[in-house]
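Thanks for coming. I will go through one structure today, a few places at a time, and I will ask some questions along the way.

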Amino acid sequence: MKIRTATKADLAAVYGLECSAFGDHGYPDFFLRQAWDLWPGSLLVAEDKSELLGYALAGRGESVNEGWILSLAVAPAARGQGLGRQLLQAAVTALEEQGCARIKLTVLPDNPALHLYQSLGFAEAGRETDYFGPGEPRLVMVRS
């Protein structure tokens, strides 16, 4: 398994994983392209034998020392093998290397990944019942 910075050629496969993981609530393909342009080095992919099995998207926040984990997805066949942990840790490391001392993310309150985030030092900083609109609750988590 190899984790590396995404290339332009990876964007279609990243979008496929995004759709598979998040359905209608995923990021559109054009956003992923613009994120790749806007935050160089912050879209990471995991591959095995040229097959893309997961990705993490991170970006800088509103202040110079703040970063965000915007998306993390692992292909269904690769789940439960620690790949999500590896991707999240790589994204956190990349943000820290850019000077981010505070890293945020949001998650559904009942998402099983909540335990992964907590195990890597993220703590609940707040709850919003309509984060992405009515009926779209999220926990806001922070790692300092």
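In which strand is L139 found? L139 sits in strand β7, which covers residues 138-143. Before going further, please keep in mind that this is a predicted model.

Staying with that residue, is L139 buried or exposed? Its relative accessibility is 3%, and the cut-off for buried is under 20%, so L139 counts as buried. What does L139 touch, if we leave out residues up to four places away in sequence? The list is L105, T106, V107, P109, L114, E124, G126 and R127. There is also a distance to note here. From L139 to A125 it is 14 residues in sequence, and their C-alpha atoms are 7.6 Å apart in space.

Next, the helices. Helix α1 spans residues 11-22 and helix α2 spans residues 29-38. At what angle do these two pack? The angle is about 125°, and the axes lie 10 Å apart.

Which residues make the contact? From α1 they are L11, V14, Y15 and E18, and from α2 they are D29, L32, R33 and W36. Sorted by class, the contact of α1 with α2 has five nonpolar residues, three charged ones and no polar ones.

While we are in α1, look at C19, which has its place in that helix. C19 and A73 are 54 residues apart along the chain, and 9.7 Å separates their C-alpha atoms.

Another cysteine to look at is C100. At 4% relative accessibility, C100 counts as buried. How many disulfides does a search of the whole structure find? It finds zero.

Where is G99? G99 is in the loop between α3, residues 83-97, and β5, residues 102-107. Its relative accessibility is 43%, so G99 counts as partly exposed. Leaving aside neighbours within four places in sequence, G99 is in contact with V64 and N65. The C-alpha atoms of G99 and E66 are separated by 8.0 Å, and these two residues are 33 apart along the chain.

The last stop is about backbone angles. Most residues other than glycine have a negative phi. With that in mind, turn to the loop between β2, residues 43-48, and β3, residues 51-60, where K49 is found. What is the phi of K49? It is positive, about 50°, although K49 is not a glycine. S50 has its place in the loop between β2 and β3 too. S50 is not a glycine either, and its phi is positive, about 70°.

K49 has 78% relative accessibility, so K49 counts as exposed. S50 has 71%, so S50 counts as exposed.

That is the end of the tour.

Conventions. Residues are numbered from 1 along each chain as its sequence is written. This is a predicted model: local features need pLDDT of at least 70, side-chain atom pairs count only at pLDDT 80 or more; totals for chains, interfaces and linings use all residues. Side-chain values use heavy atoms; hydrogens and water are left out. Axes are lines fitted to C-alpha atoms, for helices over the stretch in contact, and angles run from 0 to 180 degrees between N-to-C directions. Helices (H or I, at least four residues) and strands (E, at least two) are DSSP runs, numbered from the N terminus. Contact means heavy atoms within 4.5 Å. Ala, Val, Leu, Ile, Met, Phe, Trp, Tyr, Cys and Pro count as nonpolar, Asp, Glu, Lys and Arg as charged, and the others, Gly among them, as polar. A disulfide is a pair of cysteine sulfur atoms within 2.5 Å. Buried means under 20% relative accessible area, exposed over 50%, partly exposed in between (1.4 Å probe, protein chains only).
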